[in-house]
Amino acid sequence: MEPRILGTQGLEVSPLGLGCMGMSQGYGPRPPRDEMVAFLRAAVDRGVTFFDTAEVYGPFHNEELLGEALEPVRDQVVIATKFGFVFDEDDKSTVSSRPEHIRAAVDGSLRRLRTDTIDLLYQHRVDPQVPIEDVAGTVKELIEAGKVRHFGLSEAGVDRIRRAHAVQPVTALQSEYSLFWREPEEQILPVLDELGIGFVPFSPLGRGALTGQVTTQTEFGDGDIRATLPRFQQEALAANLALVDEVRRVAERCDATVGQVALSWLLAQRPWLVPIPGTRSLTRLEENLGAAAVELSADDLAELDHASATIEVRGERYPEAMQRMIDR
């Protein structure tokens with residue numbers, strides 16, 4: 001796979017990364033640790049160099065897992081993690097990006113990841129109580145100290161992106177983007193283009209819906225976040241699967257899977273864009289990586305654009321409390 005550069009700050013990564021949250025939470029029971037260690041090392045063997053985690057995943061479990069799995073190949077991979085929450089004695093989280101918390105969070109992440117430097121450090125969610133200039137300034141100090149290489153933001157809006165970038169250049173923004181959710185095209189992508197900031201779409205397969213494996217009969221079990229998401233409620237899901245049917249038409253023509261076409265469409269949007277689909281399955285990982293070799297014609301892309309623009313996706317991305325944490 002040909003590598004990609006995230007924006008103008010020079011961070012080179014594989015064209016598709018690996019979102020690791022589901023190995024610790026969000027999609028049912030946590031799988032055995034040794035299986036996930038083996039899976040992560042298999043991902044490296046297959047050319048993945050970009051791994052995405054966060055202290056809140058678990059919390060802490062996911063960073064510890066990546067630390068164990070990637071320590072032997074640390075010089076071959078780029079690890080991105082995130083700060084931005086504090087935890088009470090029951091591990092319940094609230095947003096916090098106070099400078100003293102950022103420093104403590106980074107020290108904890110370094111220890112759990114078994115590394116001396118975090119390649120890409122994101123603010124996980126904007127903290128409205130802390131000026132973004134203070135956040136960017138603190139990360140700048142951590143970069144100067146050698147604890148961090150690159151600064152990133154997650155789910156930040158245009159104003160905060162500009163203000164943060166003026167203090168410490170932002171290497172990448174992470175936000176949801178897929179054929180199901182194209183809101184970043186309105187304001188986010190133009191400002192990233194202008195400032196030379198890379199883009200890392202999470203949920204590029206619509207939390208599994210764009211794999212073609214989810215149907216109206218799919219049941220989301222205990223611990224599966226999709227059971228709580230408005231888009232996956234019965235009535236909304238039935239309507240949203242009409243878009244999947246349109247993607248399937250293109251996939252059949254291209255001799256590819258639905259998921260590969262959805263990822264290939266994303267890769268075609270910008271050369272500095274790197275999706276991070278999450279999976280715990282080696283078969284699914286290999287399928288996702290195959291998207292880098294799928295060549296969509298101009299007509300294919302136009303057909304997908306038209307389908308996405310004309311089929312209304314029903315249901316919000318998150319329940320109300322989580323939706324309020326998005327900076328728009």
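Tutor: Buried means under 20% relative accessible area, exposed means over 50%, and partly exposed lies in between (1.4 Å probe, protein chains only). Some ground rules come next. This is a predicted model, where local features need pLDDT of at least 70 and side-chain atom pairs count only at pLDDT 80 or more, while totals for chains, interfaces and linings use all residues. Residues are numbered from 1 along each chain as its sequence is written, and side-chain values use heavy atoms, with hydrogens and water left out.

Compare Cys20, which is buried at 1% relative accessible area. The structure has zero disulfides, a disulfide being a pair of cysteine sulfur atoms within 2.5 Å.

Now look at the helix that ends with residue 254. Helix 7 covers residues 234–254 and helix 8 covers residues 258–267. Helices (H or I, at least four residues) and strands (E, at least two) are DSSP runs, numbered from the N terminus. Helix 7 and helix 8 pack at about 90°, with their axes 8 Å apart. Axes are lines fitted to C-alpha atoms, for helices over the stretch in contact, and angles run from 0 to 180 degrees between N-to-C directions. The two helices are therefore roughly perpendicular. Angles of 65 to 115 degrees get that name; under 35 counts as roughly parallel, over 145 as roughly antiparallel, and the rest as oblique. From helix 7, Val244, Val247, Arg248, Val250 and Ala251 make the contact; from helix 8, Val258, Val261 and Ala262 do. Contact means heavy atoms within 4.5 Å.

Between these helices is a loop, and Asp255 lies in it. Asp255 counts as exposed, at 75% relative accessibility. Its phi is near 55°, a positive value in a residue other than glycine.

Arg207 sits in the loop between strand 11 and helix 7. Its phi is also near 55°, again positive in a residue other than glycine. Arg207 is buried, with a relative accessible area of 10%.

Strand 11 leads us to the sheet. Seven strands form an open, parallel sheet in the order 3-4-5-8-9-10-11. Two strands pair if DSSP finds at least two bridges between them. Strand 3 (18–19) and strand 11 (198–202) stand at the edges, each with a single partner, so one side of each has no neighbour in the sheet.

Follow a row of bridges across the sheet. Lys82 stands opposite Tyr122 in strand 8. Tyr122 has Gly152 of strand 9 as a bridge partner. Gly152 in turn stands opposite Ala172 in strand 10. Strand 8 and strand 9 pair in the parallel sense over five bridges. Four bridges join strand 9 to strand 10, which also run parallel. Strand 8 (residues 118–123) has six of its six residues buried, so it is largely enclosed by the rest of the structure.
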